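Please have the sequence and structure open while reading.

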Amino acid sequence: MKTLVVFYSRSGTTKRVAEELAKALNADVDEVIDKKSRRGIIGFLRAGYDATRGKTTEIEFTKDPSNYDLVIVGIPVWNGRVTPAIRTYLLRNRGRIKGAVFFATCAGRAGMCLEQMEELYGDKALLKKTIVKKELEKGVRELKEELKALITT
């Protein structure tokens, strides 16, 4: 099964998880770049506001998700919601992703972001997983196992 791991990461946590998953699954990786600055305290506050308001943003990515059987999409949770970069990615690629898995990294709880991702995708995800930062290693290990089982069935 040809697999792509797509992610957006502000602080690096989601990037780390995405790269570990790609390595474990021998998958391609594509980082979604948000063209709007999200740095510093102002960027952090603007990020939460934009996520809460359901805003989209200007993005860059390189791989065509329609060339893959499975697309794994990872996000950090911003105020319990989908980041503008991944919101834009899912809307732009709606109908082009054959099978999707969603994961979210967060400090506490994911809020409604995984359900929002399904709405934006336009279908049910094959698997959804929240990884809490304080249990990152355990969460990544569990997600790898679940993905390997999904891919081999």
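Does K128 count as buried, partly exposed or exposed? K128 counts as partly exposed, at 33% relative accessibility; buried means under 20% relative accessible area, exposed over 50%, and partly exposed in between, with a 1.4 Å probe and protein chains only.

This is a predicted model, in which local features need pLDDT of at least 70, side-chain atom pairs count only at pLDDT 80 or more, and totals for chains, interfaces and linings use all residues. Residues are numbered from 1 along each chain as its sequence is written, and side-chain values use heavy atoms, with hydrogens and water left out.

**Salt bridges**

- A salt bridge is a side-chain nitrogen of Lys or Arg within 4 Å of a carboxyl oxygen of Asp or Glu, and by this rule there are 12 salt bridges.
- K128 and E118 form one of them, at 3.2 Å from N to O.
- That pair links strand β7 (residues 127-132), which holds K128, to helix α4, which holds E118, and the two residues are 10 apart; helices (H or I, at least four residues) and strands (E, at least two) are DSSP runs, numbered from the N terminus.
- E118 is buried, with a relative accessible area of 9%.
- E142 pairs with K129, and their closest N and O atoms are 2.9 Å apart.
- E142 is in helix α5 and K129 in strand β7, 13 residues apart.
- E142 is partly exposed at 28% relative accessibility, whereas K129 is buried at 12%.
- K144 and E20 meet in a salt bridge of 3.6 Å, N to O.
- K144 lies in helix α5 (residues 136-152) and E20 in helix α1 (residues 13-25), so this pair ties together parts 124 residues apart in sequence.
- Both are partly exposed, K144 at 23% relative accessibility and E20 at 24%.

**Helix packing**

- Helix α3 (residues 84-92) and helix α4 (residues 113-121) pack at an angle of about 30°, with axes 8 Å apart.
- The two helices are therefore roughly parallel, a term for angles under 35 degrees.
- I86, R87, L90 and L91 of α3 meet Q116, M117, L120 and Y121 of α4, where contact means heavy atoms within 4.5 Å.

**A loop residue**

- T83 lies in the loop between β5 (70-76) and α3.
- T83 is buried, with a relative accessible area of 0%.
- Not counting residues up to four places away in sequence, T83 touches Y8, I75, P76 and W78.

Technical notes
Axes fitted to C-alpha atoms, helices over the stretch in contact; angles between N-to-C directions. Parallel < 35°, antiparallel > 145°, perpendicular 65-115°, else oblique.
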